[in-house]
Amino acid sequence: LVFNSLTFIVFFVIVVAFHYAPFSWRAKKFNLLIFSYIFYAAWNPPFILLLWASTVVDWWMAKLMYREERPRQRKHLLWVSLALNLGMLSYFKYGEFALENFQALMSAIGVAYAPPEWNIVLPIGISFYTFVTLSYTLDVYLKRAKPGDSFLDFALFVTYFPHLVAGPIVRPIDLLPQFATPRVASRPLFLWGLALIVLGLFNKVVVADAILAPVSEDVFGAAMPLPLIDAWAGVIAFSGQIFADFAGYSTCAIGVSLCLGFSLPVNFRYPYAAIGFSDFWRRWHISLSTWLRDYLYIPLGGNRDGRWRTYRNLMLTMLLGGLWHGANWTFVVWGGLHGLYLSVERFLRERYGLKGEPRGLAAKLLLALVTYLLVCLTWVFFRAQDFGSAGKLLRDMAGLSAGAAPIIATVPLALTLVTMTAMLAVHWYMRNRELEDEVARRPAWLVGGVLGLMATAVILVQGEGSAFIYFQF
Amino acid sequence: MAERVAPAIDWVRATVVALLIIVAGVTAWELKMRAEGLSTRDLGDGDSHWAREWRRVENGEGQAVIVGSSRLLFNLDPQLWGRITGVTPIQLSREGTSPRAVIAALAADPEFKGLLIVGYDPIPFHRDRGLFNNMVETAREEPLFKRSGLLVYDQLARWFAFLDGRMTPMSWIERIDVPQRTARGAFNQPWKLVETGEGRAGAIWPRVETDARYQAKAEAIWMLPPPPGVKPLTPAQIRKLLDKLAQDVARIRARGGEVVFVSSPSEPPLLDREKRLYPRAVSWDYMIRRTGAAGIHWTDDPVLSRLRTVELSHLSRADRPVFTRRVVQLIDAELAKRGQALAGLGVRPPSSGDGAPAAPQSGRR
């Protein structure tokens with residue numbers, strides 16, 4: 001189920017009605033669990049079995065691990081959890097990719113190998129809930145947390161529908177304590193939740209799908225050479241599209257959850273105002289970057305074993321982070337570029353003793369712009385179907401396609417320019433501010449007016465309930 | 001993680017203001033769209049509508065199925081067809097899209113043994129990619145929530161004309177008259193040509209017939225330069241794709257189904273372009289010969305060749321029943337020539353009253 005669908009409106013009304021009906025707290029949690037399964041089954045019902053398998057196995061592995069003192073046995077139990085979760089992820093997400101690469105490898109050494117046809121549908125959100133359940137068993141294994149006391153709470157933590165298919169990737173500490181005691185939203189919190197849903201839907205339906213997606217799709221889908229302006233417009237449009245799409249989903253998820261009385265962690269913090277790449281990753285898909293930091297980068301050694309090992313750890317973390325997004329070498333290159341950027345930034349900071357941000361506004365703006373443009377280059381690999389398309393687009397962006405005919409009409413080009421300028425300006429203005437504080441400083445009629453306009457735009461633009469980009473990951 | 005708190009403002013007041021703006025904005029847009037010519041008769045036609053009809057075929061309801069591009073979608077009246085023959089065909093045509101992929105999917109379905117009426121609009125017919133691609137795969141993989149969402153949409157569409165969705169504020173902005181830097185774009189396209197009712201029964205949108213400026217814009221799209229990178233097919237390429245089509249047709253016919261190709265009227269200069277790109281001898285004649293299927297070409301029939309289009313490509317609403325009745329009659333006659341009958345396909349042949357073609361009514365103004 002997607003938030004921007006008519007079915008979701010009906011679903012949400014029913015969920016809220018049940019949640020605010022006079023049931024016991026246990027019954028309410030049970031209702032939420034059932035509704036979460038329905039939410040997931042609305043895509044493809046059989047894949048619920050994977051979710052159940054992951055939930056049951058991780059619940060028991062964590063319990064057994066907690067009781068077990070012997071390190072070797074604890075490690076075996078962890079391996080069971082890793083094998084199940086990463087095994088499912090590998091089979092569904094990377095099976096075809098592995099076979100294709102194996103075939104290419106065999107072909108390179110002169111062995112003709114025809115892999116079997118791989119018609120496996122990717123279970124929606126598998127990368128997200130795999131990381132959610134893994135964080136639970138890893139925390140227990142690393143003795144950072146105790147296993148939960150209630151299977152119902154744990155199942156709800158894994159399956160809770162607002163975060164289930166596209167995050168934020170919650171940790172046990174984020175949600176399990178909230179399930180312990182009865183919760184409902186106060187009227188202001190409920191209405192603030194609705195306001196966040198409107199904001200999220202505006203980002204997704206209007207900004208991402210209606211304004212920016214057509215331009216980026218035309219440019220990334222173009223087989224012929226493009227003028228420099230069109231190429232850059234398409235890439236910049238995609239940078240805005242993917243932000244508005246994904247941050248829009250996260251904002252909806254936070255809003256929906258808030259209407260039910262639960263807080264979810266922030267997932268985006270105005271990333272295109274980042275100054276440098278470590279700043280970018282503190283602002284972009286925060287729940288993933290912190291997950292990778294805590295469960296991959298730090299266990300690899302982090303920055304504790306010298307400069308070169310730090311660079312190696314950064315690269316490994318970002319390469320795997322790239323692969324997490326999709327089974328394609330283009331995603332690996334995307335991650336590799338970010339790893340490279342982070343390493344170069346670290347090197348420059350150490351080499352020149354740079355700490356924090358530059359003081360002057362001009363220097364800050366310049367560095368933020370450089371960061372944004374370098375991030376845009378990585379989006380070329382993220383969005384392109386293959387290296388051939390990415391290379392062609394990079395050549396277009398370098399102005400090497402002289403005489404190419406433009407493909408973006410005047411108005412969509414102007415809309416892209418206006419939208420992206422506005423988006424970057426908002427990110428810059430909000431970079432050290434909180435949305436709640438900004439809203440609290442405005443009069444109620446203005447807040448209502450802006451939300452009313454956004455909601456009207458969402459209703460009028462509608463769309464066909466297209467899936468959020470990050471669902472495919 | 002810190003607990004979230006709501007900003008301290010008067011949320012009730014903010015909500016009232018927001019609701020007032022939503023009601024005012026939606027009402028204003030609804031009124032504007034009705035003034036533009038939209039009506040609640042139009043029940044919309046998105047991917048989910050097509051998928052719903054496709055599932056009917058997969059569920060064994062496909063005694064008669066129409067596939068094609070816009071001409072059979074606009075020109076054939078499935079309800080009238082149903083009244084004449086006793087079986088209302090399932091409408092699977094889609095604008096700007098070749099029916100060949102759908103024919104291939106039907107050929108691969110061993111349960112499909114019905115009458116397949118194939119629209120032949122030369123330009124989209126030969127394309128591999130059209131306005132809508134992978135329709136069958138999309139329909140098969142359509143998640144449950146989209147199916148249930150369509151039920152909600154069906155109810156809302158009977159109340160709100162703007163839900164048509166082809167003219168959104170965004171598409172309105174895209175049509176602002178400014179100097180253009182490209183040859184193609186939304187700015188030189190009409191935003192709507194078809195009105196769709198129950199079961200995806202299409203007919204040309206009344207405004208195309210009544211608004212001369214809009215009609216001129218609709219005519220102009222057929223003569224736009226092709227999208228960048230699109231090249232005309234060579235005769236060898238045409239033969240190759242028609243050979244593949246012949247295999248699909250043979251599979252359907254081998255299990256008792258029947259396939260009939262129908263070509264609908266078009267007019268110069270679009271007709272000239274079609275003849276130049278896909279000469280009849282290379283395409284239509286070869287296809288009919290190679291498939292062995294019945295073919296009804298509008299230029300071969302005195303009634304159909306008298307029909308005039310509204311905007312070079314589609315018939316008027318008044319001529320839609322004329323076209324439908326005549327096509328039913330011709331199909332029945334074609335099948336009779338082969339020792340078959342519509343009745344043999346579970347379809348009642350046309351009675352003399354229903355099947356008599358009326359005189360053409362209108363056309364371009």
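## Close-ups of a predicted two-chain model

View 1. Pick out A:L348 and you'll find it in helix α14 of chain A, which covers residues 329-352. Is A:L348 buried or exposed, or something in between? With a relative accessibility of 36%, A:L348 counts as partly exposed, because that label goes to values between 20% and 50%.

**View 2. Chain B meets chain A.** Here 50 residues of chain B touch 60 residues of chain A. How big is an interface? For chain B and chain A, about 4,400 Å² gets buried, with 71% of it coming from carbon and sulfur atoms. On the chain B side, B:R4, B:F145 and B:R181 lose the most area to chain A, making up 20% of what that side buries.

**View 3. A salt bridge links B:R181 and A:D230.** Zoom in on these two side chains and you'll see an N to O distance of 2.7 Å. The interface of chain B and chain A holds 3 salt bridges.

View 4. How many disulfides turn up over all chains? The count is 0. Take A:C252: the nearest cysteine sulfur belongs to A:C259, and that's 11 Å away, whereas a disulfide needs the sulfur atoms within 2.5 Å. A:C252 counts as buried, since its relative accessibility is 0%. A:C259 is buried as well, also at 0%.

Terms used. Residues numbered from 1 in each chain as written. Chains lettered and ligands numbered in written order. Predicted model: local features only at pLDDT ≥ 70, side-chain atom pairs only at ≥ 80, totals over all residues. Heavy atoms only, no water. Helix = DSSP H or I, 4+ residues; strand = E, 2+ residues; numbered from the N terminus. Buried < 20%, exposed > 50% of the residue type's maximum accessible area, 1.4 Å probe, protein only. Contact = heavy atoms within 4.5 Å. Buried area = accessible area lost by both parts, 1.4 Å probe. Salt bridge = Lys/Arg side-chain N within 4 Å of Asp/Glu carboxyl O.
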